[in-house]
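Here is a briefing for a reader new to this structure. Please look over the sequence and the 3D view before reading on.

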Amino acid sequence: MALMSRTTIPEEEFAYPGSTGCPGCGANLVMRYLLKGLGGRTIVSIPACCWAVMPGYWPSNCLKVPLLYTAFEVTGAAISGLRAALDVKGVEDVTVVGFAGDGGTVDIGLQALSGAAERRTDAIYVMYDNEAYMNTGIQRSGSTPWGAWTTTTPVGNSHGYKHESKKDIMAIMQAHKIPYAATVSPAFPEDFIKKVEKAKNIKGFRFFHALSPCPPGWRTNPSLSIEVARLAVDTRIFPLYEIEDGKVRITRKGKGLPIIDYIKVQGRFQHLTEPEIEEMQKAVDDAWILLLLKESSGT
Amino acid sequence: MRTVMTGNYASAYGAKLCRAEVIAAYPITPQTSIVEKLAEFVATGELKAKFIPVESEHSAMAACIAAQTAGARTYTATSSHGLTLMHEVLMWASGARLPIVMTNVSRAMAPPWSVWVDHMDSVAQRDTGWLQFFCASNQEVLDTIIMAYKVCESRGVMLPAMVIEDAFIQSHTSEPVDVPDQELVDSFLPTYAPEYKIEVGKPMGFGSLVKPDQYMEFRYKAMLGIKEAHDRFLRVEQEFKHIFGREHGGLLEEYRCENAEVVLVAAGSVAATAKDVVDSMRDKGTRVGLARIRAFRPFPYDEFKSLGSKVDGVAVLDRSYTFGATGAMFTEVKAAMGSCQKRPAMKNYIAGLGGRDITPKVLEKVFEDILMHCKRGEESEVEWVDVAGLPRRWH
């Protein structure tokens, strides 16, 4: 038998041990793989979110790149300011990154994000999506999926859970006609880093939607984070695709497993009844068909 | 170059002469002609800068914060609701010790809607850690922007500054303005070269989380910075005078306060009217003067303390109101004069809100009232001037 094939993942680390993230935190891996793809000539802007805390208390920093911490809603504006300053100083070979959670992106940060995208800001925006306000203790966000429990969508007598569906941030970004957007998952690092390396060489506004399993918020076993992230892709709840110059390309079709495989390992969905799970399955199937149509029609 | 221009153009020329490198702004009445002019300077190449047409004032300040952290000199301008939308990030700018300079065209807050002058917007930012300079002429607007960059960027200060013009009365009114030569400004204001800036190869965190055993030290140092700004401003203005041949009176401009029985304390464009009123009353033999607040932050406590022991009465005119207390300028003046050995009689006059004219007649009445007040003794502390159909006195 031939030697095991080498991975394409760069060996150089830009994220050192010492992050204060929870055990099994998906966002740790999202940052790690992102920086492996981008390399050291990167400046990262981080608003209020888990990653505002994870690099460590002042003066510690577990990342090998400079960080600009900002207020919650300003990531789009902050990366615009960073890029403008670098441009005016003639610095061209530095990648500016905005790294924000889902609340800081689809809710409070949506306006600044939209502005930065519309202005074609030359920067990469990464939304690590743990599907709720996790840093403040699992409150619902616009990115929390339909059916999920959070502390502000409690399961009580009225059978409460989130009754609204997740904002489709990729469609929102596609509508801004940006040159590149992609979904990435820490369970598929090669796909992840390939997309990052591609995006690095594109000029203009680039966007990543990274699913980021959160054991405390999703009520999952920390040892299962990669498994959960993989199931999200294989059940097509979180398909891996990219949109380059408006054209959709699915990069991993997944196995098409039933969504029950994904939701049964997560405490946040345990209250759902069979008809509700069927309803959820139908929504996932419909979204998948729509994505296939987008891909085949080149839109 | 001596020319005629509005306060807004004076702001734009001030930012241009200081070679602002990144300008991020959002339009709001009556600030718009500042950023229109700057956008034009950038488009024609007269100013080598990046202009970011952001989608809100909050983003304007956030973009300036990021650009300034990366070592660029930044500028923005706003007014009223735009300024108050920025409130959160104003605190961020000062906490991050970034010497951003901004023009605020001071305008009333809604509701009811008003696009005209008062100082509510500026005064409401009192505690944000920004230096605040009220201007009385368009020349002073331009000169103060140049001086503000120099003061703010000095190592011991490293704090942002707000240069304030009054809506329409200054922003849209033309006056003669001397626009200094670029070479002179360059000789006065060196290139911005901060000790720390965000750059690759130096993996530092800017604005990270600190524990309770460190937070107070950061704030204490910012306090020392604004304290330092007091003396620094006086020195910078003398240097400015040496190069440009003019000054505007330190942090507290005293006009005919020598031998004055009573003085009026005011800020902004009303000072020009007040000087005329002082002149005409002096001509009639009444010993009155004007103390014009140029710096609201840092507040000129020592200057007020020494003024307070020389006069019998002090009328403080606030063009804003602090609900549930007295006008903010009155509160400060009273605190400063409280330790005078011979404390003067003091009274607060709320006037000119939402663009209501403060005419010479109004100011004469204020002077007459404070003169009477010295004789009668203090019966009321605050009076809303020229308010129809309402009880005038408030205790």
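Two strands count as paired if DSSP finds at least two bridges between them. Strand β2 (residues 22-24) and strand β4 (residues 74-79) of chain B are joined by two bridges and run parallel. The model is predicted: local features need pLDDT of at least 70, side-chain atom pairs count only at pLDDT 80 or more, and totals for chains, interfaces and linings use all residues. Residues are numbered from 1 along each chain as its sequence is written, while chains are lettered from A and ligands numbered from 1 in the order in which they are written. Helices (H or I, at least four residues) and strands (E, at least two) are DSSP runs, numbered from the N terminus.

**The sheet in chain B**

- Seven strands of chain B form an open sheet with mixed pairing, in the order β3-β2-β4-β5-β7-β6-β13.
- β3 (50-52) and β13 (295-297) of chain B stand at the edges with a single partner strand each, so one side of each has no neighbour in the sheet.
- From one strand to the next, the twist averages 20°.
- Helix α2 (residues 32-44) of chain B lies across β2, β3, β4 and β5 (101-106) of chain B, and runs at about 140° to β3(B).
- For such angles, axes are lines fitted to C-alpha atoms, for helices over the stretch in contact, and the angles run from 0 to 180 degrees between N-to-C directions.

**Helix packing in chain B**

- Helix α1 (residues 7-17) and α7 of chain B pack at about 25°, with their axes 8 Å apart.
- α1(B) and α7(B) are therefore roughly parallel; angles under 35 degrees count as roughly parallel, over 145 as roughly antiparallel, 65 to 115 as roughly perpendicular and the rest as oblique.
- The crossing of α1(B) and α7(B) is right-handed; a crossing is right-handed if the near helix is turned clockwise from the far one by less than a right angle, and left-handed if anticlockwise.
- Residues of α1(B), including B:Ala10, B:Tyr13 and B:Leu17, meet residues of α7(B), including B:Val141, B:Leu142 and B:Ile145.
- The axes of helix α7 (residues 138-152) and helix α9 (residues 212-244) of chain B come within 10 Å and cross at roughly 125°.
- That angle makes α7(B) oblique to α9(B).
- The crossing of α7(B) and α9(B) is right-handed.
- In α7(B), B:Asp143, B:Met147, B:Lys150 and B:Val151 meet residues of α9(B), among them B:Arg232, B:Phe233 and B:Glu237.
- The contact of α7(B) with α9(B) has six nonpolar, no polar and four charged residues.

**Domains of chain B**

- Chain B is assigned domain 1 (2-191 + 209-244) and domain 2 (253-388); the bounds come from an automatic or database domain assignment.
- The centres of the two domains of chain B, taken over C-alpha atoms, are 27 Å apart.
- In chain B, 27 residues of domain 1 are in contact with 19 residues of domain 2; two residues are in contact if their C-beta atoms, placed from the backbone, lie within 7 Å.
- On the domain 1 side of this contact, α9(B) gives the most, with five residues.
- The domain 1 side has 16 nonpolar, seven polar and four charged residues.

**Where chains A and B meet**

- The contact takes 38 residues from chain A and 39 residues from chain B.
- On the chain A side, the largest share, ten residues, comes from α3(A).
- That side divides into 23 nonpolar, ten polar and five charged residues.
- β2(A) runs parallel to strand β9 (residues 205-206) of chain B, joined by two bridges.
- A:Leu68 has B:Phe206 in β9(B) as its bridge partner.
- Nine strands form an open sheet with mixed pairing, in the order β8(A)-β7(A)-β5(A)-β6(A)-β4(A)-β3(A)-β1(A)-β2(A)-β9(B).

How values were computed. Ala, Val, Leu, Ile, Met, Phe, Trp, Tyr, Cys and Pro count as nonpolar, Asp, Glu, Lys and Arg as charged, and the others, Gly among them, as polar.
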